[in-house]
Amino acid sequence: MKIALGADHAGYRLKDVIIPFIESLGHQVIDYGCSCADSVDYPDYALQVCEQVVSGGADKGILICGTGIGMSIAANKVPGIRCALVHDLFSAKATREHNDTNVLALGERVIGPGVAEEIVKIWLETEFSQGVRHQNRINKVQSIEDRFTVQA
């Protein structure tokens, strides 16, 4: 799989831990930064990663900021993105099985590197269940998105 990864100044250290971990699992990583503690705006990084996911340039995306909240809010503004903020192993599995998420948000200030690696591994390895009830719910979410998406 090709994974697009982006972080702001509050998440770049965890990003630098997660990248080699993802590569050790046999996946390719596209790093969209940032790579320093200088203050940057998280929506810029969320947009780059999400554009890659919706265009097919990446299979999935991972976003990291201090809490993961800002990144997940920005990501979910992009049509076609289903981003989940995850800080525990159960949610990592459930969000793939039930919600077919294509972007994962993590908070560097909330979880440590070991938990983050476990979450990423579970999230990358868990398939969507294909359950009818789950697909129906995803379709309803898509209908809401379609209703509020301005046609160009």
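Biologist: Happy to start with Cys 65: is this residue buried or exposed?
Modeller: This is a predicted model, in which local features need pLDDT of at least 70, side-chain atom pairs count only at pLDDT 80 or more, and totals for chains, interfaces and linings use all residues. Residues are numbered from 1 along each chain as its sequence is written, and side-chain values use heavy atoms, with hydrogens and water left out. Buried means under 20% relative accessible area, exposed over 50% and partly exposed in between (1.4 Å probe, protein chains only). The relative accessible area of Cys 65 is 4%, so Cys 65 is buried.

Biologist: How many disulfides does the structure hold?
Modeller: A disulfide is a covalent bond between the sulfur atoms of two cysteines. Here the criterion is a pair of cysteine sulfur atoms within 2.5 Å. The count of disulfides in the structure is 0.

Biologist: Which cysteine sulfur is nearest to that of Cys 50?
Modeller: Cys 50 is in no disulfide. Its relative accessible area is 0%, so Cys 50 is buried. At 6.5 Å, the nearest cysteine sulfur is that of Cys 83.

Biologist: And how far away is the nearest cysteine sulfur for Cys 65?
Modeller: Cys 65 is in no disulfide either. The nearest sulfur belongs to Cys 83, at a distance of 9.5 Å.

Biologist: On to helices, then: at what angle do H4 and H5 pack?
Modeller: Helices (H or I, at least four residues) and strands (E, at least two) are DSSP runs, numbered from the N terminus. Axes are lines fitted to C-alpha atoms, for helices over the stretch in contact, and angles run from 0 to 180 degrees between N-to-C directions. With H4 at residues 89-97, H5 at residues 113-125 and their axes 8 Å apart, the angle is about 20°.

Biologist: What does that make H4 relative to H5?
Modeller: Angles under 35 degrees count as roughly parallel, over 145 as roughly antiparallel, 65 to 115 as roughly perpendicular and the rest as oblique. The angle of about 20° therefore makes H4, relative to H5, roughly parallel.

Biologist: How many charged residues are in the contact of H4 with H5?
Modeller: Contact means heavy atoms within 4.5 Å, and residues such as Lys 93 and Arg 96 of H4 and Glu 118 of H5 take part. Ala, Val, Leu, Ile, Met, Phe, Trp, Tyr, Cys and Pro count as nonpolar, Asp, Glu, Lys and Arg as charged, and the others, Gly among them, as polar. Alongside 6 nonpolar and 1 polar, the number of charged residues is 3.

Biologist: How does H1 lie relative to H5, parallel or oblique?
Modeller: H1 (residues 12-24) and H5 have axes 10 Å apart and pack at an angle of about 45°. That angle makes H1, relative to H5, oblique.

Biologist: How many nonpolar residues are in the contact of H1 with H5?
Modeller: From H1, the residues are Leu 14, Val 17, Ile 18, Phe 21 and Ile 22. They meet Pro 113, Ala 116, Glu 117, Val 120, Lys 121 and Leu 124 in H5. With no polar and 2 charged residues, the nonpolar count is 9.
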